[in-house]
Amino acid sequence: MSVSTESILNQFRSEFLSRPNAAVSSAATAPARPVANSTAMDITASEDYQRVEQIRDYYGTGERHNPYFMPRSGTMSSALQVEGTEYICFSGYNYLGLSNDARVIGAAQDALGRYGTHAGAARMVGGEMELHQELEQGLCDAFGFEDCVTSVGGYAVNVTTLGYLLSAKDLLISDEYMHNSGVMGGVMAHARRMSFPHNDLEALERLLKTHRGKYERAIILVEGAYSMDGDLADVPKLLELKRKYNAWLMIDEAHSLGVVGDTGKGVCEHFGVDPRDVDLIMGTLSKSFASCGGFIGGSQAMIDTLRHFAPGMLLYSTGLPPASAAAALAAIEVMGEEPERVTRLHSNVRRFVELATERGLDVGDSGASAVVPVLLGDTELALHTMSKLLEEGIIAHAVMYPVVPHNEARLRFFLTAEHTEAQFVKTLDLLASILRNSASTQ
């Protein structure tokens, strides 16, 4: 079977790239329709499976390197090993370079010896460890929360928090670039969902002015540092709006805690505001903190309510594994003891943006976080460029519609404190050369 690149891209909706339209404003669902035949029960007949087959065929010709699901060996850093070949990697979240730090690894090993491999149960009924409480207190101390609760997945934290706090009587207004997890939290809640154009807070205020009075609770949902463009939310203005319209403000800081701010304490530090003025601050342990899981910080009353009643947070869910909790706690402690890691990351981001700009590459409004896109526009060009870089030993994944709008395809670079200028120069020189050659053949 042979299919064109355009055909694949037009149909490409595999789960790891898709997100629902955040602009959907009604939670109503269509009634179930009768099934005319057994085809619906055959997963191989589904559109999604056919897309998987098309992707497999596209990369199975032997002429293209498949950049997805590449199994690595060894630790994650600015370089990694895949099938015996070393690649420069810009697709890892190891922002502070802590995933292979001996102290972090040692803490995980010690926890395994002390607690074993498993939390044992849901935390309310036997799965609570001192380590869970130490981690949550460590997060509060590091980032200024009054209280905090951790859970086994960052995605689940957003879905669970929003799904529990909101109902069909309530309103969720989110930035159009909000992560899929936040959107799905609104779906779970059956809340009225609206979105505003990216970082357009005048549009947000118009929506609040028109609709806030029709609903009981309201949440304004944004990312601290956006995972596609790398720019920041305007926290001071958002705080003004949430107070003016009696709404809760929830900030997803998955890509900003440990990264943004002079000491990595996130967008509140960057803007000089008290994190306790924000109702809900979500973060992950899988980005800067060398582990896996998620957490949410807020007032004692808010977090204690979530801790006891939010399904999927602690209720109906096993606690963080000992090794994951210990690794995250150690990483947070190292971040506090070695502020130079954040400083080095900031320096790397500035230098990467400078070098990219010197070569005529469009990095948009990035530069305030560890996420830097190189905007290409054309989807096929993004896929072609990604594959060419991979052939030369560089991993930087393409992002395309529907994750980003039509004609805004890009390569996305995750920068870390471990990357070197030599890696930047090699990568950006090659990228600029690939783009020049592509332009000359059009």
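**Exercise 1.** In which sense do strand E8 and E9 pair, and over how many bridges? Determine also the partners of E9 on its other pairing.

*Solution.* The model is predicted.

Step 1. Locate the strands: E8 covers residues 248–252, and E9 covers residues 280–284.

Step 2. Strand E8 and E9 pair in the parallel sense, with three bridges between them. Within this pairing, Ile 251 stands opposite Ile 281 of E9.

Step 3. E9 is also joined to strand E10 (residues 294–298) by five bridges, and these two strands run antiparallel. Here Leu 280 has Gly 298 in E10 as its bridge partner.

**Exercise 2.** Describe the largest nonpolar core and the surroundings of Leu 135.

*Solution.* 

Step 1. The largest nonpolar core has 103 residues. Those with the most contacts inside it are Phe 90, Leu 135, Leu 204, Val 222, Phe 413 and Leu 431.

Step 2. Helix H11 (residues 322–337) supplies the largest share of this core, ten residues.

Step 3. Leaving aside neighbours within four places in sequence, Leu 135 is in contact with residues including Thr 150, Leu 285, Leu 320, Ala 325, Ala 328, Leu 329 and Ile 332.

Technical notes
Residues are numbered from 1 along each chain as its sequence is written. This is a predicted model: local features need pLDDT of at least 70, side-chain atom pairs count only at pLDDT 80 or more; totals for chains, interfaces and linings use all residues. Side-chain values use heavy atoms; hydrogens and water are left out. A nonpolar core is a set of buried Ala, Val, Leu, Ile, Met, Phe, Trp, Tyr and Cys residues joined through side-chain atoms within 4.5 Å. Buried means under 20% relative accessible area, exposed over 50%, partly exposed in between (1.4 Å probe, protein chains only). Helices (H or I, at least four residues) and strands (E, at least two) are DSSP runs, numbered from the N terminus. Contact means heavy atoms within 4.5 Å. Two strands pair if DSSP finds at least two bridges between them.
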